Amino acid sequence: MNPAPATTDVEATRARLADHLDQLAGEHLLIGLDVDGTLVDHDGAMSAPMREALQRAARGSTVVIATGRSLGATVPIVRAAGIEHGYAVCSNGAVTLEMDPSAPEGYRVIDTRTFQPGQALATLREVAPDAHYAVEMASGAFRATPGFQDASFGVEAIESDLDQLMDLEAVRVVVHVPDLSPQEFSRVIAESGVHGVEYAIGWTAWLDMAAPGVSKASALEVVRERLDIPRERTLTVGDGFNDVEMLDWAQVGVAMGQAPQGVKDVADTVTLSVYEDGTVLVLEAVAR
């Protein structure tokens, strides 16, 4: 458990955030929020103040949960937060949902972006033969090489060999190499010459691939255009390299305190860490 931040840290952060967020305060905003490391800690826990701030923000603005998680792993987070109306961007932008309690499952899919991963998988097999592979399909189902299951899938993956995965139409492909560090994995990917797909390497040796041009930012832009919200009224918060595009896209992009320096460098400003409820401070700053 991280110690509580000093009062001076909180006040200094509030002042820093105000310099960037006063322009948005009191407006109806499009707010894009990452999940892991932003709304919940890396154990998956959401604090009570975070839940309250999120619900308050959803009453005055359009909140879009924007995550690398699949549809099946995203919807429970949105429900746990008590948000019945709004949007969710899943699979790093490949699937976009509109939350609607009148819909059969409480949401409807409004956009999907698919691609054929065969060539990229064939290339990666040559440079990372021991990797685990999973393909997420538009339906939310997963197929994965034997032994590869992860909570972020939201469902149990159906075991398939890599040749079978190459023939599927995907919204996302996940590649995980447990014996490599992120730095080593980055080197392998760079040397592989994988092209035709977008990818983001996260906290571990983990690669997410999507269709060309697809990111959390591209999905947020779809929602923004759908709702006709001015770009000047957009705010995003995130902590990972898969958040870089949306931090750059927004009028104000805020990085979490524990984010890598490369993510902070893209953001307009930085809040406290997830363990210090840094996102709460951001939402409080625009809710006035």
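Author: Let us start with a term: a residue is called buried when its relative accessible area is under 20%, and exposed when that area is over 50%. Please keep in mind throughout that this is a predicted model.

Reader: Are F142 and F153 buried or exposed?
Author: The cut-off to apply here is a relative accessible area under 20%. By that cut-off F142 and F153 are both buried.

Reader: How many aromatic pairs are there, and is the pair of F142 and F153 stacked or edge-to-face?
Author: The count comes to three aromatic pairs. For F142 and F153, the ring centres are 4.2 Å apart and the planes meet at 15 degrees, and because planes under 30 degrees apart count as stacked, this pair is stacked.

Reader: Where in the chain do F142 and F153 lie, and how many residues apart are they?
Author: F142 belongs to strand β7, whereas F153 sits in the loop between β7 and β8, so that the pair links distant parts of the chain. Their separation is 11 residues.

Reader: Which residue forms an aromatic pair with F148?
Author: The two rings of this pair are 5.9 Å apart from centre to centre, with 70 degrees between their planes, which makes the arrangement edge-to-face. F148 lies in the loop between β7 and β8 and its partner in strand β11, so the pair ties together parts that are 58 residues apart in sequence. F148 counts as buried at 3% relative accessibility, and the partner, buried with a relative accessible area of 14%, is W206.

Reader: Which residues form one aromatic cluster?
Author: F142 and F153 make up the stacked pair, while F148 and W206 make up an edge-to-face pair. One aromatic cluster is formed by F142, F148, F153 and W206.

Reader: Which residues of β11 point one way and which the other way?
Author: In a regular strand the side chains alternate between the two faces of the sheet. In β11, five of the five residues are buried. L207 and M209 point one way, and the other way point W206, D208 and A210.

Reader: Which residue stands opposite M209 in β11?
Author: Strand β9 is joined to β11 by four bridges, and the two strands run antiparallel. Opposite M209 stands V173.

Reader: Why is β2 described as largely enclosed by the rest of the structure?
Author: On one side of β2 lie T62, V64 and A66, on the other V63 and I65, and these residues are all buried. The strand is therefore largely enclosed, since its buried residues number five of the five.

Reader: What is the handedness of the β-α-β unit made by β1, helix α2 and β2?
Author: The strands β1 and β2 run parallel and are joined by four bridges, with G32 and V64 as bridge partners. Together with helix α2 they make a β-α-β unit that is right-handed.

Reader: How far apart are the end C-alpha atoms of helix α7?
Author: Helix α7 has 12 residues, and at 1.5 Å a residue it should span 16 Å.

Methods
Residues are numbered from 1 along each chain as its sequence is written. This is a predicted model: local features need pLDDT of at least 70, side-chain atom pairs count only at pLDDT 80 or more; totals for chains, interfaces and linings use all residues. Side-chain values use heavy atoms; hydrogens and water are left out. The expected span of a helix is 1.5 Å times one less than its number of residues. Rings of Phe, Tyr and Trp (its six-membered ring) pair if their centres lie within 6.5 Å; planes under 30 degrees apart count as stacked, over 60 as edge-to-face and the rest as tilted. Buried means under 20% relative accessible area, exposed over 50%, partly exposed in between (1.4 Å probe, protein chains only). Two strands pair if DSSP finds at least two bridges between them. A crossover is right-handed if, with the strands pointing away from the viewer, the path from the first strand over the helix to the second runs clockwise.
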